[in-house]
Amino acid sequence: MRLVTSIWGQGRTWGLVLGLFLVSSARGDAPKADAKAKPKPVLPTGTMDTSDWLKYDTAALQPGEIDRLVETTLKKANITPASLTTDEQFLRRVYIDLVGKPPAPSDIVEFLKDKTPNKRAAVIDRLLASDDFARHWALYFRDVIASRTTSFQARIFARHFDRWMTEQFKENKSWADITRALLTATGEMRNDTPDKNGQAFFLGSRMGADAVTERAAETSRIFLGIQIQCAQCHDHPSDVWKRNQFHEFAAYFARLRERPIFENMRIVGQALMSVPFGEHRMPDANDPKKGTPMSPRFLDGKAPTASGKFKFAALSDVERRKALADAIVSRENPWFAAAFVNRIWGELMGQSFYQPIDDLGPQKEALMPEVLARIAASFRGSDYDIKGLFRVIANSQTYQRQTRPGEAGEEHLLFAAHNPVRMGANALWQNLVNTLGDLSPRGGFFPKKGFGPFAGPFSLEGLFKQEFGFDPSSKSDEIEGSVSQALLLMNSPVINQKIRASQGNVLARILATYESDDEALRALYLKTLSRRPSEREMERCKTHLRGVANRAEAFEDILWALINSTEFQTKR
Amino acid sequence: MSMQSLMHVQTNGAGVVSRRHFLRSVAAGAAGAGLLGWKEALAAQAPELRREGKACILLFMRGGPSQFETFDPKPGHANGGPTQAIDTAVEGIRLAEGWTNVAREMRSIALIRSLTNREGEHQRATYQMHTGYVPLAAVRYPSIGSIVASEIAPRDFDLPHFVSVGNRFSTIGSGFLGMQFAPFVVGNPNQMPANVELPGGTNQGRFDRRLNLMTDLERDFAEAGGQQLVQSHQALYSSAANMVRSPRIRAFDLSQEAAAVRDRYGRNAFGSGCLLARRLVEAGVTFVEVELNGWDTHQDNFNRSKSLSETADAGFAALVRDLRERGRLDRTLVIWMGEFGRTPRINGNTGRDHYPRAFSVALAGCGIRGGQVIGSTSAGGNDITNRPVGVADLFCTFCHALGINPRKENVSPIGRPVPIVDGGQHVRELFA
């Protein structure tokens, strides 16, 4: 491992963006802003190649081990970590992260009352065991795949994937088993049987002339965190991948085809099927009509061999994809674990070791690579136990630290504090429903509940998720709000109807229960932001109450303001 | 916004600037920060273009219109089917029957009959005809509307730069250019857009009161580490609130138009969309897309194309005529196109299938010399016989008309440089 000690300028005076992976400082020359900069924390970055990862201990992580590793580095960099979260802060964060929705007020009250010393660990275990965990993370991975499908019509099968993936998480299938199932999937996904064969969605959601190269690129990106697709057309200028390596990787998918299933002249589904021959061709750089047939070969240079005496070209589609799955989930291949750990850590912490979350590789700079390497090694050692990984991260103090004022966002917090990030569309919708109650239209023509990314496009839920959805592999500072989002939350008649203090709505219940404004405000904050208001917030709200004669109307304004606030949409 | 604050935007080694950081540094230096995007600042090298007030309207014929039944009729040939041709205001240029209004405007309109492409699947071709690129998982390419908005949209403007009319669910968005240039989608042009009007029980005073309350209640969270999120959020809310309060929002209100005008555009969603496009461009919107769906005529091609042509003809012709008469055509590029053409062979269901090899596009305004035809197809329409134009050439042509440098490279989030158009040359004859 090459450890680069670089200077992390604060850069505020210049508004200079020192990207996470300072190219200039990695080369050794200090940024020019240096002279003006204030204290300079040491940015502990480094690159990792395959053999580096394999040097780390694969034993299970000891309690506190992640924290010791992170804090050792922070100490060297002269950074004090942020304080630990309060119980309120912790509970909202861990609920949003593990089950995709904030805690109910009763959960919060109960948790605050609980005096047992290991109550945080207990809540983590309870959430990991819940079906909501499985559903939430299935939707997450659905979005990882569906955000970049190039066959738009195949997205209808996203709901097949949702169901299948939920079952995998419920049973705590290992990441290796899940990966193997996705890469070796065959058979039919039919419109009318969303419970069947959802594992075919990953490969089946690509079609057409580029399906082979797309499958290769996405397999590498999602399961290895390696973006080899840039080498599709030319040797990568700033990475190690050669053009033929990309096309050798693509050759694993050379004999896989997708086709629509017709019944009575109508398309009723889609099937993945093998063809007995044919090779993927690397197009000639000068004449795209010509091409070189490619044989499968993994990124480590090893080629699969056919069992028995058959020569290599005779490998069938199924054999090829099994060989690829074997090579990917092999314990000799550390990138598989590193990519998953980097992704999950990034989602839980709000920042990842490698950024973007799916861009690893031997020439990419990672922050604190030794921490990632140890966690990834233990993940390999656990045979890719998904819940085990969530458990060990969520129980660490590093995860349980507060957010901290000051520079954040594009500048890395070095895991000394929590980075607040936007909630995903599914979690935000849940937050809205938890606060306001059922938002689906009653009766009538429209389906009550939607599904998938195009879920009930006519329901508010479908519109909302479409409006607020984003690709979970994007960097957090690339995810922006839109004017339509703001308009929806500000002015949607459905939402505003539910904000009213009229019969049956949340506000009516709160105002009827609590005659005292203080108590009503506390209940409202607990319901919307899962916390009690600060004194300053109480004062501001009470000023508002005094200024607006009608109590219900004033509370409606407060509920509107809380739902439209940044914090409501943020995991903090 | 001052140039001073622009100077402070710098890129890191890979040429990537953080969007949120930019937003914040702008927020510190200028009022109305929400109206400014990082890409916009990087594109600030062409301020004169913004002053010119150029705009573009794309009439997208979803499904793939038959060139035989629109702008490249082949009467007398077996492939031409029963469709007859009609004369136009320009001698020698003939269109398919049904296009009488467009025929009258022919002096303002140029045709390309030799567009050629390979992509024959709807979604992929639609994507390509919107972005100039075939879909790729690694890069979310921006739609031409977002590109044009990011390059030439005016800075201080309280409506969206890019409005897409009539397609709620599969609009191609701003890709890596970010939400700043994402299309604002209007499902039904005959109504005001969703959520731009205050809900019942909320007047302007109460709306402002709520916004103030929200801003004040954000302070604790901002001070606890959410400062940047709060800043971007408030910039966004101020854009949205400005839009709600803007007098220009009435540009969306077609009821302000005379009945005769509305009749001329056609009393249907597409006609209304064309009228809305004219109103929005006049109000200062940079790019408007209006969709007419239904051109996928595998069955009953001739009757269906005829009815679609009537709708398209009225809206397209009224738009070109109005823009010309109101002095806006020289600064507004109007594009009529679909994702591909249809097969010369008429299938067993009197339909035509997908045919990307040779199809037609119509262009008007913004320096395009009307009354001419670029390229030609063979007698049966199977092949291009003269002047093939590829998708990249077409996109370079859009850029040329709008004063955009097609070789300019944007940077995707993983640091890949992406030219606005990859290769191609603009069709010079169109501007001669």
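Arg142(A) and Asp162(A) are both buried, where buried means under 20% relative accessible area, exposed means over 50% and partly exposed lies in between, with a 1.4 Å probe and protein chains only. Their side chains meet in a salt bridge with an N to O distance of 2.9 Å, a salt bridge being a side-chain nitrogen of Lys or Arg within 4 Å of a carboxyl oxygen of Asp or Glu. Because Arg142(A) belongs to helix H7 (residues 131–146) of chain A and Asp162(A) to helix H8 (residues 158–170) of chain A, the pair ties together parts that are 20 residues apart in sequence. Helices (H or I, at least four residues) and strands (E, at least two) are DSSP runs, numbered from the N terminus.

This is a predicted model, in which local features need pLDDT of at least 70 and side-chain atom pairs count only at pLDDT 80 or more, while totals for chains, interfaces and linings use all residues. Residues are numbered from 1 along each chain as its sequence is written, chains are lettered from A and ligands numbered from 1 in the order in which they are written, and side-chain values use heavy atoms, with hydrogens and water left out.

Over all chains the structure holds 71 salt bridges. In one of them, Lys364(A) is joined to Asp359(A), with the closest N and O atoms 2.9 Å apart; here Lys364(A) is partly exposed at a relative accessible area of 21%, whereas Asp359(A) is buried at 8%. Another salt bridge, at 3.2 Å from N to O, is formed by the side chains of Asp518(A) and Lys542(A). Since Asp518(A) lies in helix H22 (residues 517–529) of chain A and Lys542(A) in helix H23 (residues 535–547) of chain A, this pair ties together parts that are 24 residues apart in sequence. A network of salt bridges links Arg148(A), Arg206(A), Glu214(A), Glu218(A), Arg221(A), Asp358(A) and Asp471(A).

Chain A also has an open sheet of three strands in the order E3-E5-E4, with antiparallel pairing; two strands pair if DSSP finds at least two bridges between them. Strand E3 (187–190) and strand E4 (256–263) of chain A are the edge strands, each pairing on one side only. Four bridges join E3(A) to strand E5 (residues 266–274) of chain A, and Met189(A) stands opposite Gln270(A) in E5(A).

In chain B, strand E5 (residues 162–165) is covered on both faces, with Phe162(B) and Ser164(B) buried on one side and Val163(B) and Val165(B) buried on the other. E5(B) pairs in the parallel sense with strand E7 (residues 287–293) of chain B over four bridges, and Ser164(B) has Glu289(B) as its bridge partner in E7(B). With strand E6 (residues 184–186) of chain B, E5(B) pairs in the parallel sense over three bridges, the partner of Val165(B) in E6(B) being Val186(B).

Between the two chains, what does Arg206(B) touch, not counting residues up to four places away in sequence? Arg206(B) touches Glu553(A), Glu556(A), Asp557(A) and Gly201(B), contact meaning heavy atoms within 4.5 Å. Arg206(B) lies in helix H8 (residues 204–217) of chain B and counts as buried at 9% relative accessibility. The side chain of Arg206(B) reaches the backbone oxygen of Glu553(A) at 3.0 Å.

Notes:
Polar contact = N/O pair within 3.5 Å; in protein donor to acceptor, adjacent residues only side chain to side chain.
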